[in-house]
Amino acid sequence: MKQFISFFTVGTVFGIIMTKSEAVSWFRIHEMFRFESFHMYGIIGTAVVLGAIIIALMKRFKVKTLRDTFVGYMPMQLHIPRHLLAGSIFGLGWALIGACPGPMFVLLGQGFGIMALVILSGTLGTYTYGVVKDKLPH
């Protein structure tokens, strides 16, 4: 029950922040992909900087997760062609749908039922990748 309350609280705060910052707005996303506004780049940049600072502080002060392990991360090895292709597919989906994974759930919670189809499609795509990943040339 403690985890449910924690996740619900974080999700609610996340949804409010995404809505108030207009990060779930199709128009803001459209402006970003057309390089017409700094708004979304500012939000994303702020999130990256804050995330790095918060992770560093959590590691320094040895904060534990809900699973009773210390906060940490393992850097991923960079494979430029693979990451360019994956990033392009992600960006294309983001541009076509007008939302990346986090805002999809926020928009669903706001009553945009079509996002259920988008979330289902993303989940199915992820599952399909998991099934065929061993057969792909990584």
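Which residues touch the most other members of the largest nonpolar core? The views below come from a predicted model, where local features need pLDDT of at least 70, side-chain atom pairs count only at pLDDT 80 or more, and totals for chains, interfaces and linings use all residues. Numbering starts from 1 along each chain as its sequence is written, and side-chain values use heavy atoms, with hydrogens and water left out.

**View A. The largest nonpolar core.** M18, V24, M40, W94, M104, L107 and M115 touch the most other members of this 15-residue set (a nonpolar core being buried Ala, Val, Leu, Ile, Met, Phe, Trp, Tyr and Cys residues joined through side-chain atoms within 4.5 Å; buried is under 20% relative accessible area, exposed over 50%, with a 1.4 Å probe and protein chains only).

View B. P103, M104, V106 and L107 are the buried ones. Looking down the axis of helix 5, these fall within an arc of 165° (taken from the directions from the helix axis to the C-beta atoms), so they line one face. On the other side, F105 and G109 are exposed. The cover over the buried residues includes helix 1 (2–20) and helix 6 (114–132). Just past helix 5, G111 has a positive phi of about 105°.

**View C. Helix 2 against helix 3 (residues 39–60).** R28, I29 and M32 of helix 2 meet H39, M40, Y41 and I44 of helix 3 (contact is heavy atoms within 4.5 Å).

Key
Helices (H or I, at least four residues) and strands (E, at least two) are DSSP runs, numbered from the N terminus. Axes are lines fitted to C-alpha atoms, for helices over the stretch in contact, and angles run from 0 to 180 degrees between N-to-C directions.
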